[in-house]
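Let's take a walk through this one together, a piece at a time. Keep the picture open while you read.

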Amino acid sequence: MDGRASREFAGTISDLRPMSEWLQGLAANAGVDSETAWQAELCLNEAASNVILYGHDDGAPHPITIDVEPVERGVQITIIDDGRPFNPAEPGKLPVGRTIEETTPGGLGLHLIRSFASEVRYRRDANRNVLVLTFAANATRSSASIP
Amino acid sequence: MELAYSDLENGVRKIDLKGRLDIEGASAIDLKFTALAASQQAFLVVDLSLVDFIASLGIATLVRSAKAARLRKGSMALLSPQPNVAKVLAATKIDSVLPVYVDLNEACAFVLSNASGS
């Protein structure tokens with residue numbers, strides 16, 4: 001990956017694994033270390049799943065554009081969709097209680113994004129969500145940016 | 001995603017998962033997994049050693065099954081997750097409500113001693 005790569009996916013659940021394979025291939029070609037590539041794959045999977053499952057009310061697939069570009073010792077992913085406004089950078093309550101009975105099964109994806117991305121930036125641009133996730137080797141925690 | 005299970009002599013049901021526990025993987029096993037967890041044999045050890053990727057929807061499947069086991073007065077533990085899977089479990093703090101073991105005997109001892117009401 002000498003520079004930026006971009007691909008549009010149809011926005012269906014069956015896109016998620018090809019999306020992961022595409023990202024892993026780009027990361028490997030760019031020399032991104034396996035740990036950083038895994039973090040990027042996990043967060044892309046979570047972000048795209050969220051758009052596909054919850055971004056629209058009409059039940060129809062909506063295209064998702066993924067841009068991937070190398071950054072110093074890592075990779076940056078931009079996810080663009082036309083779903084309802086939604087900012088994954090906003091902090092949320094972890095749905096894990098003190099016991100399994102107090103724990104709800106959903107709502108962990110956004111927490112994973114905030115846990116494993118080095119930086120999370122979101123903006124709404126021309127009725128589209130633009131989510132920028134940065135993954136840098138040796139980074140430990142995300143910093144969320146809310147414009 | 002593959003699911004197999006065996007009922008051990010000590011009364012524990014060991015469930016072996018293999019593959020990617022992402023949205024597709026979770027969908028593939030969700031019904032069978034929950035049914036196994038909600039049976040009379042509700043002492044469950046879930047072997048994750050052959051799961052190479054887990055996403056939040058995969059964790060949701062584990063949580064639903066654990067809650068189903070709890071409703072049957074049982075319990076569930078996780079066994080031998082790969083490093084990246086363990087990181088996800090730790091980041092979500094799911095490992096605080098679904099304990100993780102690397103030794104099958106210790107996992108069995110936990111679920112048998114953690115029966116609801118015992």
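Helix 1 and helix 2 of chain A cross each other in a right-handed way. Bear in mind that you're looking at a predicted model. Two packed helices are described by the angle between their axes and the distance between those axes. Here helix 1 of chain A (residues 16-29) and helix 2 of chain A (residues 34-54) pack at about 150°, and their axes are 10 Å apart. Angles over 145 degrees count as roughly antiparallel, and therefore that's what we call helix 1 and helix 2 of chain A.

Which residues of helix 1 of chain A make the contact? Look for Leu16(A), Met19(A), Ser20(A), Leu23(A), Gln24(A) and Ala27(A). Helix 2 of chain A answers with Ala37(A), Ala40(A), Glu41(A), Leu44(A), Asn45(A), Ala48(A) and Ser49(A). Sort the residues of this contact by class and you get eight nonpolar, four polar and one charged.

Now for the strands of chain A. Strand 3 of chain A, residues 74-81, is mostly covered, with six of its eight residues buried. What does strand 3 of chain A pair with? Eight bridges tie it to strand 2 of chain A (residues 64-71), and the two run antiparallel. Within that pairing, Pro70(A) has Val75(A) of strand 3 as its bridge partner. Strand 2 and strand 3 of chain A form a hairpin with two residues between the strands, and there Arg73(A) takes a positive phi near 55°. Strand 3 of chain A is also joined to strand 5 of chain A by eight bridges, again antiparallel. Find Ile77(A) and you'll see Leu133(A) of strand 5 standing opposite.

Next, follow chain A to the loop between strand 4 (119-125) and strand 5 (128-136), where Ala126(A) lies. Ala126(A) isn't a glycine, yet it has a positive phi of about 55°. Asn127(A) is found in that loop between strand 4 and strand 5 too, and it has a positive phi of about 65° although it isn't a glycine either.

Time to hop over to chain B. Its five strands make an open sheet in the order 1-2-3-4-5, with mixed pairing. Strand 1 (2-7) and strand 5 (100-101) of chain B stand at the edges; each has a single partner strand, so one side of each has no neighbour in the sheet. Strand 5 of chain B is joined by two bridges to strand 4 of chain B (residues 75-79), and these run parallel. One residue to look for is Leu78(B), whose bridge partner in strand 5 is Val100(B). Helix 1 of chain B packs on the sheet, touching strand 1, strand 2 (13-21), strand 3 (43-54) and strand 4 of chain B. Its direction makes about 170° with that of strand 2 of chain B.

Finally, how do the chains meet? In all, 22 residues of chain B are in contact with 23 residues of chain A. On the chain B side, the elements giving two or more residues are helix 1 (23-37), helix 2 (56-71) and helix 3 (83-91). Helix 2 of chain B provides the largest share, nine residues. By class, this side of chain B has 12 nonpolar, four polar and six charged residues.

Technical notes:
Residues are numbered from 1 along each chain as its sequence is written. Chains are lettered from A and ligands numbered from 1 in the order in which they are written. This is a predicted model: local features need pLDDT of at least 70, side-chain atom pairs count only at pLDDT 80 or more; totals for chains, interfaces and linings use all residues. Two residues are in contact if their C-beta atoms, placed from the backbone, lie within 7 Å. Helices (H or I, at least four residues) and strands (E, at least two) are DSSP runs, numbered from the N terminus. Ala, Val, Leu, Ile, Met, Phe, Trp, Tyr, Cys and Pro count as nonpolar, Asp, Glu, Lys and Arg as charged, and the others, Gly among them, as polar. Two strands pair if DSSP finds at least two bridges between them. Axes are lines fitted to C-alpha atoms, for helices over the stretch in contact, and angles run from 0 to 180 degrees between N-to-C directions. Angles under 35 degrees count as roughly parallel, over 145 as roughly antiparallel, 65 to 115 as roughly perpendicular and the rest as oblique. A crossing is left-handed if the near helix is turned anticlockwise from the far one by less than a right angle, and right-handed if clockwise. A residue is buried if 20 or more other C-beta atoms lie within 10 Å of its own, exposed if 12 or fewer, and partly exposed in between; C-beta atoms are placed from the backbone.
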